[in-house]
Amino acid sequence: MLTRISVHLVLLLRSIAAAMMMCAIPALSQSLPVPQNMVVEVIQLRYRTSQELVPILQPMLAPGGGISGLPGQLVVRTTPTNLEEIRRILVSVDTAPRQLLITVRQDADISSERAATSVSGNVGGNGARVTVPPANRDPRGGNVVLGKGDNVARVHVIEGRSNENSSNTQSIRVMEGREAYISVGQSIPVRGRQIQRRVINGQVVEQVVDSTQYRDVSTGFYVLPRVSGDRVTLDISPQREALSRQVAGGVSVQSVVTTVSGRIGDWIELGGVGQDSSGQQTVLFGTAAGSTRDMRRVQVRVEDVPQ
């Protein structure tokens, strides 16, 4: 009995829905009249999405025409002659997207030099003596000692040079017109210390609490490629992070956000940074000098992947 009632209820609902559709069609046709010289056509798409094709076909429509997109379909209202033209255009643009290989190269060349001299010791005679204590004696470097008897002079000399050359290359495959993101890195522990205050038995008690948090240090890039013939336009934002050798626990960061265009297969320059700094300090009993050179460069290349 219940089964028969359910069947009758489903049939009744279908009849009501069909009646509502029949009533809605005349109202829709009145609100969106189709001129006599125009037709409405639903076109099935093969490879591309309607979001990609509507902006391309919109300028190609005849005056008074319109186009809208559905999942896997285009709804076109235009003249019969213009409809045939739209179909011919679709044959050339509704094609399988090209597979692309995108490679980003991020280089860093950092060098620094340091030289310092300091003088210390004691020299005197006839009841007078001058003593120059060593200032912040650096364990690196060498000493030159000159003296006779109680008169001693020490010259401390420091010379140092460091070079850091690194090149990071990452590649990812993506279809044209699609977004892609790649990132690799590691989590670095960062230790901290906090003082917590609590009230115990009416007294404020301070407690030192050590904590460890992790910071992600990563290198990667986001990219959106658009291809036209043998040229490509990229919305791209590469980022490179590395532990700093100058500051303990510090992180060196370089990033670029840009839109560039170039030929497929060529290296495209995204940006670069160059810094040169030098300084010299002279005090009464010593000198110190240093220089730093920091050169960074980011490039990208797009290649076709054979299918």
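Analyst: Let us begin with cover. The buried residues of H3 are covered by elements including strand E1 (39–44), helix H2 (50–57) and strand E3 (73–78). Contact means heavy atoms within 4.5 Å; helices (H or I, at least four residues) and strands (E, at least two) are DSSP runs, numbered from the N terminus. The model is predicted: local features need pLDDT of at least 70, side-chain atom pairs count only at pLDDT 80 or more, and totals for chains, interfaces and linings use all residues. Residues are numbered from 1 along each chain as its sequence is written, and side-chain values use heavy atoms, with hydrogens and water left out.

User: Which residues in H3 are buried?

Analyst: An α-helix has 3.6 residues a turn, so residues three or four places apart point the same way. In H3, the buried residues are Asn82, Leu83, Ile86, Ile89 and Leu90 (buried: under 20% relative accessible area; exposed: over 50%; partly exposed: in between; 1.4 Å probe, protein chains only). They cover an arc of only 120° around the axis, taken from the directions from the helix axis to the C-beta atoms, which puts them on the same side of H3.

User: Which exposed residues does the face of H3 turned away from its buried side carry?

Analyst: That face carries Thr81, Arg88, Val91 and Ser92.

User: How many residues does H3 have, and what does it reach from its first C-alpha to its last?

Analyst: H3 (residues 80–93) has 14 residues and reaches 20 Å. This is close to the 20 Å expected at 1.5 Å a residue, where the expected span is 1.5 Å times one less than the number of residues.
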